[in-house]
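Student: Hi! Could you walk me through this structure?
Tutor: Happy to, let's have a look together.
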Amino acid sequence: MTAPTPGAPGTADATPEAAPAAPGATADGRALPADPRSAATPHPAPGPGTPSGAGPARSRRWSWVERLPLRTRLVVITVLVLAAGLILAAVVTRTVVSDYLVQQTNEQLRQSAKSVASLAVSQPPEAEPRLPTEYFVSIHDAEGNSDGDPYAWSHNLEKYGTPDLPTESLSDVAARKAQPFTVGSSGGTDPAQWQAVGFVNLSTQQSVYVALPLAGVQQTVSYLTRSLLFSALGIVLLGGAISFVLVHRSLRPLREIEATAAEIAAGDLSQRVPERPASTEVGSLSASLNTMLAQIERAFSAQEESERRMRRFVSDASHELRTPLATVKGYGELYRMGALDTPDKVDDTMERIEDSARRMSTLVNDLLVLARLDEGRPMRREPVHLVTMARDAAQDLHALDPTREVGVTGLVPGTAPPADLVVTGDADRLRQVLTNLVGNVARHTPAGSPAEVAVGRAPDGAAVLEVRDHGAGITPEQAKRVFERFYRADSSRNRGSGGSGLGMAIVAAIVGAHQGHVSVAETPGGGMTVRVLLPAADGYDGASSSSA
């Protein structure tokens, strides 16, 4: 004997209580989608050099130089470069001037040393110079020892000291070839270096040294050095202040970009970077950033719109499927409880279940068509004669309502449609467009009201197909939303009339996939006209698009 199936009507297992389901699964064993709110926050993967299993890497420690703002670094660099340049210029100037003045002193010694020495030798040893002079003359014997008191102005010796002349033999002095050399000094209140030159007096077999103090040269070089240092300090301070102002003003566009980026990071995607001349780096960067921000804003807007449409689509699809599913479920429960106790009730119930299943099948097929069109699947490319298709659609409409007068005309009333109007596309899909449009006319206009299917060419050569009815028409507000999915223009277009709100959406999707455009307008005299524009056979390149 076969064991009763668990959960079947009339069995002992058909109780409200069931075995507890495993976590993350339904009672029938199917897995449930994970709740993102209950998922644990994932740990970041260890980076390079991070031990496996260790926590997140510690934040990088920036040096104090890297912490400085860019404008501060630029000013500091400018000041340092300026100071280095001025110091180098001061050192070079000091060296050049000092060498020049020493060379001048050497030249003076070369020109006047022998004359001064001759004058000093001709004077008595105890005689003082009659006029103030900086020359110092000292006579040495053949062994290099000083021979008597030097010839010099005592005031110079008291101030600059006595030159420390070397003890040289006559051959050593001659070897110098009367080239000046520098010696120090001893004594004096302000000791200074001396520039000396020596030569041999062959008549007396003595050596004579003539020297000049370098105090004037040293004072000049010292004064020049102080002047250069003070001027360099002033130039560095002034240059630093000017560079701070200029860098601050030059980096103002970057601060504006920074402020704009902060506002965008806060969520305001409508912000834009102020424009600058495109010939500058900041201007080029601003233009690139604005272009990027516009693309990002469009991408976010498209994503939000897509999510909004998806949520509404799912909600509308669920709403549309809920009624027939509830109907089927309700009649199934009636049958299970034994309420259908007569054949007539069973037949009526089965008919209602079949009608609900038919409605669900139609709705699912429409959703499948829209999904395939949204995927951009390639369509067939074949010649399609619109006039033939329009006549077939007119006959279909007349068959649906024999009392209705349906005509096929040109775009101008009373004219014949062109016989050679051909487009390239998918004949089955284009026929579905006409089927949906004439079905709308039959469903939403009074019985017996006339209708026309007009075919012609637009001024730009595109093929035009119009389905005109003479019903109540729609308002401009309704015309803006008539191609939205699951939209019904008024209360008369409800489920009882057989419409699901997807017919016009399918029309727009198919026309868009053929690179066409569909719109609605008011029919002269009352009613609604649906106008479809399609590229002619010589202008269609086969690309697909889902925009209406």
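Tutor: One term to start with: a residue is buried when its relative accessible area is under 20%, exposed when it is over 50%, and partly exposed in between. Keep in mind that this is a predicted model.

Student: Okay! So is Leu 70 buried, exposed or partly exposed?
Tutor: Leu 70 counts as partly exposed, because its relative accessibility is 46%, and that lies between the 20% and 50% cut-offs.

Student: Where is Leu 70 found?
Tutor: Leu 70 belongs to helix 2, which covers residues 70-122.

Student: Switching topic: what about Asp 401, buried or exposed?
Tutor: Asp 401 counts as buried, since its relative accessibility is 10%, and the cut-off for buried is under 20%.

Student: Where in the chain is the place of Asp 401?
Tutor: Asp 401 sits in the loop that links helix 9 (386-400) to strand 9 (406-409).

Student: What is Asp 401 in contact with, leaving aside its neighbours within four places in sequence?
Tutor: Asp 401 is then in contact with Ala 447 and Gly 448.

Student: Let's zoom out. How many helices and strands are there in the chain?
Tutor: The chain has twelve helices and 14 strands.

Student: And what share of the residues counts as buried?
Tutor: The chain has 548 residues, and 32% of them count as buried.

Notes: Residues numbered from 1 in each chain as written. Predicted model: local features only at pLDDT ≥ 70, side-chain atom pairs only at ≥ 80, totals over all residues. Heavy atoms only, no water. Helix = DSSP H or I, 4+ residues; strand = E, 2+ residues; numbered from the N terminus. Buried < 20%, exposed > 50% of the residue type's maximum accessible area, 1.4 Å probe, protein only. Contact = heavy atoms within 4.5 Å.
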